[in-house]
Amino acid sequence: MGGKNGLQDRVVVISGGARGIGLATARAFAERGARVAIGDIDAGLAGREAAGFGGLGAPLDVRDRDSFRGFVARARSELGPVDLLVNNAGIMPTGRFHEADPGLMDTQIDINLRGVIHGMQAVLPDMLERGAGHVINVASLAGRFALPGLAVYCATKYAVVGLTESAAAEYRDSGISFSAIMPAKVRTDLAAGTDDADTGIPTVNPEDVASAIVRTALKPELFVAVPRFMENASAFYRLLPGSLTTLGRRLIRDDRVLHRLDRQARAHYDQRLAALSSR
Ligand code: NAD
């Protein structure tokens, strides 16, 4: 999607676009003249938010392959062939790994990993036929640097990083680009109640991630950390010997998700997760 006005009239489809990073991204693309469709499990909210930026808001459950196909088909018929898919929907339950609720754990894998696969498989046949397109998967720095209290979340994000890299290699001559966005902590409901005092890990706004996604759409790159310098920081970390990484982890109290979570501040998000898991 290069060029000066590369986003004008481009069709952008975003999963989990009713809130947080997805919504900020939808608005950023719409401001640049793109035709934007957001799909969300919270269909009512998606419809209301899409009306605000002149896009399409539709029901979508990324866990369901047919739901994703239907959403993409609707976007195609109402807006045109899909130029860009932003696979953004994701959830982040927290807690001790051995005590994880089995239902919620499955839901997390279904949304964070299967959902991304469903999205890619829904858009790829058409993109391959056209010899053009871009898939941007919203992973996380937790897909590069794993934290205690988030074992399954990190597993899904590492998986999305690998999935993106593999697809990029497989389809390198197809005209389709693939990118994995790896944000640090972002001020959204998903991060509610997590403590970020003195971590050394920066916290950014959803609009910062949206800007990085728009930049990536205009100039595709495989891996994009937000903020950008965290890409080098995570690469540097990998070069350190084990004893130093353990010391570093203790210094930044990497286990704060387990021990310093404000459950009250997170109650609303936890309720949302429980409702999702029972659907
Ligand atoms: P959010 O909770 O604010 O928004 C997520 C949206 O996804 C919600 O509108 C929700 O209804 C929707 N959703 C959930 N399950 C769905 C399903 N089955 N089908 C369709 N939509 C569904 O969260 P966010 O922080 O904006 O997260 C967006 C992405 O960014 C996630 O993949 C998350 O892992 C990733 N991320 C977030 C952070 C952070 O700190 N917030 C950091 C790095 C990466």
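This is a predicted model: local features need pLDDT of at least 70, side-chain atom pairs count only at pLDDT 80 or more; totals for chains, interfaces and linings use all residues.
**Entry 1. The nonpolar cores**

I began with the largest nonpolar core, which holds 48 residues. Within this core I looked for the members that touch the most others, and I found V13 and F178. I then listed the elements that each supply at least two residues of the core: the strands are β1 (11-15), β3 (56-59), β6 (176-183) and β9 (223-226), and the helices are α3 (65-79), α4 (102-130), α5 (151-170) and α10 (263-277). Which element gives the most to this core? I noted α4, with 8 residues.

I next examined F178 by itself, leaving aside its neighbours within four places in sequence. I recorded contacts of F178 with M120, L124, H134, V135 and T164, and also with A167, A168, Y171, E221 and L222. Apart from this core I located another one of 33 residues, with A28, A50, A210 and A212 among them.

**Entry 2. The ligand site**

A backbone N or O atom of V62 lies 3.1 Å from a nitrogen atom of the ligand. For I41, a backbone N or O atom is 3.3 Å from a ligand nitrogen atom. R272 uses its side chain: a polar atom there lies 3.3 Å from an oxygen atom of the ligand. How much of the ligand's area does the protein bury? I noted that the ligand taken alone exposes 830 Å², of which the protein buries 97%.

I located A24 in helix α1. Is A24 buried or exposed? I class A24 as buried because its relative accessible area is 9%, and the cut-off for buried is under 20%. Not counting residues up to four places away in sequence, A24 touches P206, E207 and A210. I also checked A24 against M120, which is 96 residues away along the chain, and their C-alpha atoms are separated by 21 Å.

I found H118 in helix α4. H118 has a relative accessibility of 7%, so I class it as buried too. With residues up to four places away in sequence left out, I listed V62, R63, D64, R65 and F68 as the residues that H118 touches.

**Entry 3. Backbone details**

I checked the peptide bond from V226 to P227 and recorded it as cis, with omega near -5°. P227 belongs to the loop between β9 and α7 (229-239).

I then looked up positive phi values in residues other than glycine. One belongs to D9, with phi of about 65°. D9 sits in the segment before β1. I call D9 partly exposed because its relative accessible area is 41%, which falls between the limits of 20% and 50%.

R253 also has a positive phi, near 45°, without being a glycine. I placed R253 in the loop between α8 (242-251) and α9 (256-259). Its relative accessible area is 34%, so R253 is partly exposed.

Note on methods:
Residues are numbered from 1 along each chain as its sequence is written. Side-chain values use heavy atoms; hydrogens and water are left out. A nonpolar core is a set of buried Ala, Val, Leu, Ile, Met, Phe, Trp, Tyr and Cys residues joined through side-chain atoms within 4.5 Å. Buried means under 20% relative accessible area, exposed over 50%, partly exposed in between (1.4 Å probe, protein chains only). Helices (H or I, at least four residues) and strands (E, at least two) are DSSP runs, numbered from the N terminus. Contact means heavy atoms within 4.5 Å. A polar contact is a pair of N or O atoms within 3.5 Å; within protein, one must be able to donate a hydrogen and the other to accept it, and residues adjacent in sequence count only if both atoms are side-chain atoms. Accessible areas come from the Shrake-Rupley method with a 1.4 Å probe; for residues, only the protein chains shown count as cover.
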